[in-house]
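Here is a short tour of the aromatic side chains in this protein. Have the sequence and the model open as you read.

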Amino acid sequence: MYHTLRFLGFLFTLILQCSADPGSSCSKTSSLLDFESEIEMFQHQLRGVIKVLDDCSFWVSEFDMLPGSDVHWWGAAGPDFANLTTGFVISNDKLNKTYKNESFVVRLKSNLTWDQIGVLAVWDIPTASDFGHVVLGDLRNGSGNISLSPDLAPSPAMEPNSSTVRNRAGGVPTMFENCKVLSPNYRVRWTLSADEDSIDIGLEAATGTMNYMAFGWADPKSSHSPMQQADVAVTGFTEDGMPFSDDYYITQYSECMIDKNGLVLGVCPDTMYEGSDPDGLVNNTRLVYGHRKDGVSFVRYQRPLKSIDKKYDLPVNHTGNMTVIWALGLIRPPDALRPYYLPQNHGGPMLVTYGHLVLNVSEHVNDCLGPLDADDKEDQDLIIADASVPLVVVSGPAMHYPNPPYPSKVLYINKKEAPFLRVERGVPVKFSIQAGHDVALYITSDPLGGNATLRNVSETIYAGGASAQGVLASPMELVWAPDRNTPDQVYYQSLYTQKMGWKIQVVDGGLSDMYNNSVVLDDQQVTLFWTLSEDSISIAARGEKKSGYLAIGFGSGMVNTYAYVGWIDEGIGRVNTYWIDSKDASSVHPTNETLSHVRCKSENGMITFEFTRPLKPHCSRAERQECNNIVDPTTPLKVVWAMGAGWSGDHLSERNMHSATSSRPVRVLLMRGSAEAEQDLRPVLAVHGFMMFLAWGILLPGGILAARYLKHVKGDGWFQIHVYLQYSGLAIVLLGFLFAVAELRGLYFSSLHVKFGITAIFLACVQPVNASLRPKRTANGEVVSPKRLAWEYLHVIVGRSAIILGIAALISGMKHLGDRYGGENVEGLNWALIIWFLLGALMVLYLEYRERKREKDRNSERSSWVLGNMEEDDSTDLLGTSNTEKESHLSQILEVQLQPLSK
């Protein structure tokens, strides 16, 4: 019946064509006479069938196509890039409209014959785009109707995909015998092969890349709703853009899960119920083909009418009416717990995102009028340029280039193939060009590139040129600042080869204008923006790949981390805060941080969220966990990220597990506006801390104690000990200070530890200068000069103050280490430090007691004698004020005159 209708349509169209031009006549000598083939789709949802009628015309039927710019029927010698781009227009008919399952006759130009055409294509001239083509004759086997030179031979990469369609020669996988509209944006196509016990099914939907398409048969024996106990195929695309199709069975209306008894429940793959499937007996769907073009997902698979698996697969009665079910919705990518793509609740209204109907697959159906037209047709990865982050440009193999035909090598930016680039007017864009010396990057108005002047086409070059080339070892930096005169759309291309780059969208304003700093986090998948103020910080996070939610965390990983999650909930952007103390969903604890200026949005499936928070929460640490979430601008902030298919603000479950996450934290230097990979700097801090303890806890206090309590030792030993210990301690202090500066990448004085340390070091450095300016001693018997007395007081006060501040810096430094790394033994080290100084204080009290007792004994001896003309070395008690310092050369002999007090 179907083939009879096709023949009648062809006959009717031919009669109309002949009656419209009764004087036209054409011979039928070509070897391609009656050649019929389906058109292979490349862009613009092109479908159709062509049949050669005679030497100068062909018939087109079932023709679907979205409109282009200036579209023509095109001829070329072969289907590869070089041949197609040097092809020619073969008909005066233009194709500048939307075609909906239409049929018509096309006449070749009067000067053309079929011998000159090896490939018949639908071609958009301004963009050099191949919407679809047919290889005429048996060209792909090397025995076509024309001869090709070796350098113009068809490229294997451009050959049509294999297909199981058998109703026409050269069948392509996008063509089927039947098509049924399921919803305005969802269709099912099928071709029945009853004699081979199989059916080919194509699912087609204008939906997001993170969404699944499901279709299957309900159990006619089930007393439940059609969805339960149904045998369905779930199709979609992986994160890498590869199609998949798997066999699922629905035991209950929920997301797939394993209960506490190990029972598998929900919408689950057959392999979860029955284990591994090495022979393909459990998963009876076989992926045939899949693509994503123009914002439309298409997956073709094949399944048997009768399956070997009787428990989880239903037989398809191809001659009778059966209830089929279908659904669209988000899919959760595999994770460590469940390595499967699992559909989530489709949500939405019935007959839009899910539904069921009665279908007889043996009856011909075709109510799909025209191609699906998606609102968002841009499927390329989006990169939003920032002024402070260079875009790394390299070249690589063409895998998913958006505008076929294309050369074998195209441009990659930040590891993404020919991404859609968005820049902001007034914001400089920095390119780091490492694509090789045969690729010269330039920004142009021409969509093809490759130096348009060589094609006699005018173009405007905005940046780059022949000198914009470099390699990995010696990259070339190109800076381009789009201005108010830059068009809304330009292109990045290679000066030497056409169609290596893609589009640049030029917009007004953006995050780069709103925030002072930005860095790219680990794996270049998330960009972090921030602006510091006196007591708060404004933060924005933008995902660089499509996801259902985006999360950033302050910590070394997703455990013991303060997390901020942004997602879209029924069209409304939301941002919540959490404390995560383990890896399961029950360990994600909502918090009540004070956030303001909260925004969240999704563009092309990529999440961006913003918020402002205080640097120090306005609550006590003992009140709530989030009160410990302090952001110290002087301390590098460790940041991690995660993405997933969906988030729930109320009831967290395993579905909230991330599908992509950073491999390591990045240390963000908030005050410098830069970032670096996380490194364990505790060894450096340990050296710094040990050196400061050695100086402020042992050497410098020891030198002061020597000057105070060792004067009774004969000779100048006390003075030598005092000088050596003080200079040794000062040298170690300065060396430890250099370690601190290297660790902090500069000096920041907002930290209490830094303030104590810098002040103590300054006072310690003053002491040697003070000692060199010591006033001379007075003559024997004279009163001590005011300068000398002032110097003694200054020397004592400065020395003691330096020691006190040094001890305070040691204790605050231990606290700083605990806040930064959360070490379990930091508190113990703090107590050890305090005990050390308490023991030192007790020792000082004991030595002071001994010194006072010694002084008392000397005073009792002086009650019988008068200390006369005694000359000492410069051994004054720098810590006491009871004696007068007297200076003399150390080698002088002490002269003592003793006189009786009474005669």
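What follows covers ring pairs, their surroundings, and charges over rings.

This is a predicted model, in which local features need pLDDT of at least 70, side-chain atom pairs count only at pLDDT 80 or more, and totals for chains, interfaces and linings use all residues. Residues are numbered from 1 along each chain as its sequence is written, and side-chain values use heavy atoms, with hydrogens and water left out.

**Aromatic pairs**
- Searching the whole structure gives 25 aromatic pairs (rings of Phe, Tyr and Trp, taking the six-membered ring of Trp, with centres within 6.5 Å; planes under 30 degrees apart are stacked, over 60 edge-to-face, the rest tilted).
- One of them is the tilted pair of phenylalanine 63 and tryptophan 73, at 5.8 Å centre to centre and 40 degrees between the planes.
- Phenylalanine 63 belongs to strand β4 (residues 57-65) and tryptophan 73 to strand β5 (residues 71-76), so this pair ties together parts 10 residues apart in sequence (strands are DSSP runs of E, at least two residues, numbered from the N terminus).
- Phenylalanine 63 is buried, at a relative accessible area of 0%, and tryptophan 73 is buried at 1% (buried means under 20% relative accessible area, with a 1.4 Å probe and protein chains only).
- Tyrosine 564 and phenylalanine 611 are stacked, 4.6 Å centre to centre with 15 degrees between the planes; both residues are buried.

**Cluster**
- Phe58, Phe63, Trp73, Tyr99, Phe104 and Trp114 make up one aromatic cluster.

**Charges over rings**
- Lysine 97 lies over the face of tyrosine 99, 4.8 Å from the ring centre (the criterion is NZ of Lys or CZ of Arg within 6 Å of the ring centre and within 35 degrees of the ring normal).
- The charged end of arginine 47 sits over the ring of phenylalanine 298, 5.6 Å from its centre.

Terms used:
Helices (H or I, at least four residues) and strands (E, at least two) are DSSP runs, numbered from the N terminus. Buried means under 20% relative accessible area, exposed over 50%, partly exposed in between (1.4 Å probe, protein chains only).
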